Amino acid sequence: MRNPCDNLIETLKNFNPSLGDLRLNQAEFDGKEVKVKLISDVTISNDDLDFIKASIEKELVGVDLTITVKKSIADAEISKRAIFDYIQKHCFSVAHLLTLNSINVISGGKKIKYEIIGLDSVCNYLQRTSALEQIKENLERNYCNEFEGELRITEEDTEKPVYEDLSVSEDDILDIKVRTVKMVDVQKFSDDEFYDTATYIADGENILGKCYFAGTVIEKEERESKKGNKYYRITLDDKSGKISGSYFTTDKVKLQKLEKLDVGSIVIVRGEMEVFNGRPSFLIKGFHFCEFPCGYKPERRPSKKAPEKYSCAFPEKCEISTQQDFFTKEKELPETLKDKEYVVVDIETTGTDVTSDKITEIGAVRIVNGVIVESFQTLIDPEVKLSQKIIELTGITDEMLVGKPKIADAYPDFFKFLGDSVFVAHNADFDYRFLRNAGKDLGYYLENDYLDTLVISRKLLPSLPNHKLNTVCGYFNIEFRHHRALSDAFATAEALIKLYKL
């Protein structure tokens, strides 16, 4: 149902094209304050934000108004996950019968077409409850795309197995280097063509047409097609990923040879990656026995590159008034600070377990030639409820995180801000490990050199009773407001400069 505020927003868009595809995400009124959350497909400037607020205030006289705007665009993977999550939360009767692979995004871009693939009973339920219309409304409230969905009835099994975990965004594909491994001791077996170099299975999602994969056979299953022809489904694992393919043949000799292929065999296969019912599918044409090279360990996929532009968290120029007394002449600058960039970082989290807890805030400041010149800060929606202990410790509440970017959106901006600078933190192992782990899950690899002001202060200030950040800051008379991330990052940066001046 269209919210009355939508009409005003539509007028604003027509009047000011720089607002892009501005949409109402949420509007709340608690009796005192109206909170309006908007999304757009472009970054909204401060001037445009002021224009939006002034326009809405004319319609809502006599109330306090808070407006937030964030850039929100969906790609194939985001759409797929959002549709699946909606079904899990709102379609209880059939949610258990659908998996993430039941959602197929057919085309992307501004207009995203998708299909939900399920049994007849599942599709009938979704149609009867108008689920597609509800999903469309939900998606278009949260992302500045147009969505069109359809239902596709399927049997419980499909004749052609589908490659696992295929969805990647266009930006991901551009950043991915296809990795290969050269197999050894190749023994020609069921193919006239010889080949010994295979693409990593994890990189196969970027290939259509002729391809080669190698791996250990972890599953071999005989099947029969609808036409009564026998074929085999074979699943390979090369330690980077798994792939299932179908091997069709009516050649009795080849079928006899196939009986020698057992679970545990290592093979290199030639095949075709094609599109079947809108999804990639792997057909095996031939294979040879082989071995992995000695000491084989999958080469790590190269890190994604930092984005060209910031999308949801933006650096701000800054100047610390006390810095004018630090260095009055270039010759007084310590060698450790000359011609170097440091990014001093502090984070807040939901807990201390790097494997399960989440980041709720990132604060960072940049030091260039001994001067703090730029800051970066963003709250992050961890998608979990905060404990009372964490709320009391950090001062961050669940309400403060509503509508904030998720780590997948915020991390690329942080990665861009960090660049090639030296990573600095107090008790750096904690912050570095959390950020490295979060980045790894998103395809960004944190490999910067890093410094720990805790270690430096222990070495240079051995007489202090302890070397907690507030103690070190107290020694240097640095303003310290524990526990928010940006405040801590500023304090740590000033402490680093002071320590290097000793």
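Begin by selecting Phe 414, Phe 423 and Leu 435, which have the most contacts inside the largest nonpolar core, a group of 26 residues. A nonpolar core here is a set of buried Ala, Val, Leu, Ile, Met, Phe, Trp, Tyr and Cys residues joined through side-chain atoms within 4.5 Å, where buried means under 20% relative accessible area with a 1.4 Å probe, protein chains only. This is a predicted model, in which local features need pLDDT of at least 70 and side-chain atom pairs count only at pLDDT 80 or more, while totals for chains, interfaces and linings use all residues. Residues are numbered from 1 along each chain as its sequence is written, and side-chain values use heavy atoms, with hydrogens and water left out.

Next, colour the elements that give two or more residues to this core, among them strand S16 (341–349), strand S17 (359–368) and helix H12 (428–442); helix H11 gives the most, with six residues. Helices (H or I, at least four residues) and strands (E, at least two) are DSSP runs, numbered from the N terminus. Leu 435 touches, among others, Val 345, Ile 359, Tyr 411 and Phe 423, not counting residues up to four places away in sequence, and contact means heavy atoms within 4.5 Å.

Now move to the open sheet, where three strands lie in the order S1-S2-S3 with mixed pairing; two strands pair if DSSP finds at least two bridges between them. Its edge strands are S1 (23–29) and S3 (64–71), each pairing on one side only. Select S2 (residues 33–40), which pairs with S3 in the parallel sense over eight bridges, and find Ile 39 opposite Lys 70 in S3.

Key:
Buried means under 20% relative accessible area, exposed over 50%, partly exposed in between (1.4 Å probe, protein chains only).
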